[in-house]
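Work through the exercises below with the structure open. Try each task before reading its solution.

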Amino acid sequence: MANDLPSTAGAAAEPADNLALCLSGGGYRAMVFHVGALWYLNDAGYLPKLDRVSSVSGGSIAAAVLATRWSQLRFDAAGKAAAFDDLVVAPVRHLASTTIDSPAIAEHMIHGQPVNPLVIKSYADLLFGEATLQDLPDRPRFVINATSVQTGALFRYSKPYLADYRVGRVMAPRRAVAEAVAASSACPPWLSPASLDFSKEVWTDLVLDDCGKPPFTTEVVLTDGGIYDNFGLEPAWKTCKRVLVSDGGGHMQPEEKPFPGWPFHMPRILDITDNQVRALRKREVVAAFRDPSSGHTGAYWGTFTNPADYPVASALPIDAARATELALTWTRLAAMPDAKQQRLINFGYAMAERAIRSYYDPAAFAPTTFPLPGGV
């Protein structure tokens, strides 16, 4: 059934009547697109209504910036934070103007240094400093998701606990936010894996008949959260009946003459498999939103969604060809021109408006202008 879409492993009780936001992976493209969506949610007074924010990969960068600045946001009676641009948009744009993937890869190739610690340092230097998971707000609960290479399960970082349902939990973890985001965005093959020392962590609820023992509890090996669930859906779907999904993920493109050799053929086959899994999950999520018996309501918007598919009239024009050009931005953690950043932010803003006003809340804020110059 559609409401059982995510894996039921470790399933909790019936979802509560809470509101969740899911931010997909997709490198800087997704990060910047999601910031546009967050900007609309702020203007519409939705951020204080959120009970949970679940993210993977590029979405985790945007989510963690929001989380670490949450205490500084001052929401007015309408639920809008006047300083959102300075506190959330500006730091993300600063990172989006800085390449962090290729320098880390070069250091690894030349000097043999592991890639993940270099990425952690970049995130710490540029965004998060020494912030730990205990610096995140209690509400909404932010869940930063990675994938365990060892167990094949979702590895969840959050303020109350971090967990792998096949291993156990660490309560009130003080792991660095930069580490969590680097693990969540450890895109294979170049930025993966994240090999982390957990020998000093105190695990509880150990699954002793499965993986609740060393080295699963001491030498944790993680990769990009999107490998398991590119929408970050599972932690939201199981706990919240109302779910908003922002999808900045990529889309495999046709290839007229695929390379026949094994080193090139296998990545193409893996891309096909990944693309089909993502497409299936998207269809099932949208079907659940349309089915009153599914137990879930919400809205989905994505970079590859045709803006004309949303029936609501919007004052923010989106040219489909220009939108597709943005959607095809390469999935990297590489510097992005300011003009493209502005267009992607406007794109995410306008798509979130269309989806929410079309399928979730027709009375939601209807903007008359884009947040930044230049349109989409």
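**Exercise 1. Handedness and packing of α2 and α3**

Task: In which hand does α2 pass α3, and which residues make the contact?

Solution.
- Step 1. α2 passes α3 in a right-handed crossing. A crossing is right-handed if the near helix is turned clockwise from the far one by less than a right angle, and left-handed if anticlockwise. Helices (H or I, at least four residues) and strands (E, at least two) are DSSP runs, numbered from the N terminus.
- Step 2. Helix α2 covers residues 57–69, and its axis comes within 10 Å of that of α3, at a crossing angle of roughly 140°. Axes are lines fitted to C-alpha atoms, for helices over the stretch in contact, and angles run from 0 to 180 degrees between N-to-C directions.
- Step 3. From α2, the contact uses Ile-61, Val-65, Leu-66 and Arg-69. From α3 come Phe-84, Leu-87, Val-88, Pro-91, Val-92 and Leu-95. Contact means heavy atoms within 4.5 Å.
- Step 4. Sort these residues: nine are nonpolar, none polar and one charged. Ala, Val, Leu, Ile, Met, Phe, Trp, Tyr, Cys and Pro count as nonpolar, Asp, Glu, Lys and Arg as charged, and the others, Gly among them, as polar.

Before going on: this is a predicted model, where local features need pLDDT of at least 70, side-chain atom pairs count only at pLDDT 80 or more, and totals for chains, interfaces and linings use all residues. Residues are numbered from 1 along each chain as its sequence is written, and side-chain values use heavy atoms, with hydrogens and water left out.

**Exercise 2. α3 against α5**

Task: At what angle do α3 and α5 pack, and how far apart are their axes?

Solution.
- Step 1. Helix α3 (residues 84–96) and helix α5 (residues 115–128) pack at about 140°, with axes 10 Å apart.
- Step 2. That angle makes α3 oblique to α5. Angles under 35 degrees count as roughly parallel, over 145 as roughly antiparallel, 65 to 115 as roughly perpendicular and the rest as oblique.
- Step 3. The crossing of α3 past α5 is right-handed.
- Step 4. Pro-91, His-94 and Leu-95 of α3 meet Tyr-123, Leu-126 and Leu-127 of α5. Five of the contact residues are nonpolar, one is polar and none is charged.

**Exercise 3. Strand β10 and its partners**

Task: Which strands pair with β10, and in what sense?

Solution.
- Step 1. Strand β1 (residues 16–23) runs parallel to β10, joined by six bridges. Two strands pair if DSSP finds at least two bridges between them. Leu-21 stands opposite Leu-244 in β10.
- Step 2. Strand β11 (residues 297–302) also pairs with β10 in the parallel sense, over six bridges. Here Val-245 lies opposite Tyr-300 in β11.
- Step 3. Six of the eight residues of β10 (residues 240–247) are buried, so the strand is largely enclosed by the rest of the structure. Buried means under 20% relative accessible area, exposed over 50%, partly exposed in between (1.4 Å probe, protein chains only).
- Step 4. Cys-240 belongs to β10. Cys-240 counts as buried, at 2% relative accessibility. Beyond its neighbours within four places in sequence, Cys-240 has contacts including Pro-15, Arg-52 and His-296.

**Exercise 4. Strand β3 and its partners**

Task: How many bridges join β3 to β2, to β4 and to β9?

Solution.
- Step 1. β2 (residues 52–56) is joined to β3 by five bridges and runs parallel. Arg-52 stands opposite Arg-141 in β3.
- Step 2. β4 (residues 154–157) is joined to β3 by four bridges and runs antiparallel. Ile-144 faces Tyr-157 in β4.
- Step 3. The hairpin of β3 and β4 has five residues between the strands, and Gly-152 there takes a positive phi near 75°.
- Step 4. β9 (residues 219–223) is joined to β3 by two bridges, antiparallel.
- Step 5. Seven of the eight residues of β3 (residues 141–148) are buried.

**Exercise 5. Backbone checks**

Task: Where are Ser-57 and Ala-172 found, and what is the phi of each?

Solution.
- Step 1. Ser-57 is in helix α2, with a positive phi near 50°. At 6% relative accessibility, Ser-57 is buried.
- Step 2. Ala-172 sits in the loop between β6 (168–171) and α6, with a positive phi near 45°. Its relative accessible area is 43%, so Ala-172 is partly exposed.
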